[in-house]
Amino acid sequence: RFIAKPCAIHLGIQDSGPHRAQPNAILEKVFTAITKSPDGRRLEGLSKQLDWDVRKIQRWFRHRRNQDKPSTLRKFCESMWRLTFYFSIFLYGLRFLWTAPWFWDTRQCWHSYPFQPLTSRLYYYYILELAFYWSLMFSQFTDIKRKDFLIMFVHHLATIGLITFSYMNNMVRVGTLVLCLHDASDFLLEAAKLANYAKYQRLCDAFFMLFGVVFIVTRLGIYPFWILNTTLFESWELIGPYPSWWLFNGLLVTLQLLHIIWSYLIVRTAYKALVRGKVSKDDRSDVESSSEEEEGTCSSTKGALSTSSNGSNPSNGHVAAGQWAEE
């Protein structure tokens with residue numbers, strides 16, 4: 001309210017939502033009481049009742065669904081808040097871990113386990129992360145529904161379970177490594193969204209390209225060969241397996257499977273951009289398409305980059321800003 005909104009207004013982002021549907025009592029009643037996506041038979045009936053073309057009625061329902069979506073200004077403020085949190089907590093965790101012995105030698109995570117002291121900095125790091133992921137869990141049901149809703153739901157459950165379980169079992173040392181590693185790429189994604197909302201498309205492309213590289217390196221490289229190596233093999237050697245050890249590693253492996261899925265989506269989007277020259281829809285985009293897209297117009301600003309650059313919807317170096325807005 002006091003920081004993000006003034007920044008958005010300064011960048012020329014207006015508080016205007018999607019195109020609003022034409023007021024119609026009959027269609028509004030169908031939308032609120034029966035269905036938000038009428039089938040062909042119902043569309044034909046409404047067409048005869050209103051003497052409207054079927055295409056016009058379909059467009060009305062699309063506009064009506066889209067008008068409940070948040071404005072660009074609201075999404076800018078939300079992304080700026082997430083960027084602030086992710087970046088701040090990443091710097092805090094990195095500064096804290098830089099002087100921690102287990103950051104440089106992961107075997108230190110299991111020495112003298114479970115009799116390891118819980119410092120105040122480590123405690124607050126855990127509590128802040130846990131509170132934030134609980135907020136994401138609840139807000140997911142009120143945000144725009146996306147295609148990866150189930151994947152994100154499983155991810156939040158696994159993350160909250162890992163944070164809580166590792167805290168209860170005093171596995172906080174390795175837990176801090178997992179948290180810091182995941183925060184390394186998240187703020188880059190939010191930065192790309194902010195650049196897109198502000199129509200700085202080249203900057204958006206650059207941030208997303210960096211996000212993709214960092215995500216794949218950390219989630220498919222460092223995470224399995226550094227984190228899973230110590231939780232699966234070094235811990236087995238130093239403290240041996242026990243019932244909660246299996247559950248803890250089961251959650252960590254679940255996260256790795258999600259990392260593989262998301263990395264596949266990122267690579268597939270980039271592949272489509274290089275082969276086809278354009279990508280019409282992001283793999284994580286909203287279920288609903290915008291009214292502007294339905295009418296076949298392109299209201300977004302495109303930035304020209306080299307063919308090797310990426311974006312949420314890269315297209316040979318051209319990324320439509322509206323697609324980032326949907327993401």
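## Around Ala 8

Ala 8 touches Ile 13, Leu 73 and Phe 76, leaving aside residues up to four places away in sequence. Contact here means heavy atoms within 4.5 Å. Ala 8 sits in helix α1 (residues 4-10). Helices are DSSP runs of H or I with at least four residues, strands are E runs of at least two, and both are numbered from the N terminus.

Ala 8 has a relative accessible area of 0%, so it is buried. Buried means under 20% relative accessible area, exposed means over 50%, and partly exposed lies in between (1.4 Å probe, protein chains only). Ala 8 and Ala 198 are 190 residues apart in sequence, yet their C-alpha atoms are 7.5 Å apart in space.

## Model and confidence

This is a predicted model: local features need pLDDT of at least 70, side-chain atom pairs count only at pLDDT 80 or more, and totals for chains, interfaces and linings use all residues. Residues are numbered from 1 along each chain as its sequence is written, and side-chain values use heavy atoms, without hydrogens and water.

The pLDDT, the predictor's confidence in each residue from 0 to 100, averages 78 for the protein. Of the residues, 79% score at least 70. Confidence is highest in helix α6 (residues 101-104), at a mean of 92. It is lowest in strand β1 (residues 314-315), at 34. Over residues 284-327 the pLDDT is below 50; this stretch has 129 contacts in the model beyond near neighbours in sequence. Residues 278-282 also stay under 50, with 21 contacts beyond four places in sequence.

## The cavity

The structure holds one cavity of 30 Å³ or more. A cavity is a set of points, on a 1 Å grid over the protein atoms alone, where a 1.4 Å probe fits but cannot get out; lining residues have an atom within 4 Å of a point. The largest cavity contains about 140 Å³ of space. Volume is the space filled by probe spheres set on the points, which are joined across faces, edges and corners.

Its lining counts 14 residues. Leu 162, Ile 163, Gly 175, Val 178 and Leu 179 lie nearest the centre. Helices α7 (120-139), α8 (149-168), α9 (172-197) and α11 (243-276) each supply at least two lining residues. α8 gives the most, with five. By type, the lining has nine nonpolar residues, five polar and no charged. Ala, Val, Leu, Ile, Met, Phe, Trp, Tyr, Cys and Pro count as nonpolar, Asp, Glu, Lys and Arg as charged, and the others, Gly among them, as polar.

## Cysteines

The disulfide count is zero, taking a disulfide as a pair of cysteine sulfur atoms within 2.5 Å. For Cys 77, the nearest cysteine sulfur is that of Cys 7, 8.8 Å away. Cys 109 is buried, at 2% relative accessibility.

How values were computed:
1 Å grid on protein atoms, 1.4 Å probe; cavity = no way out; pocket = protein on both sides within 12 Å on 5 of 7 lines; lining within 4 Å.
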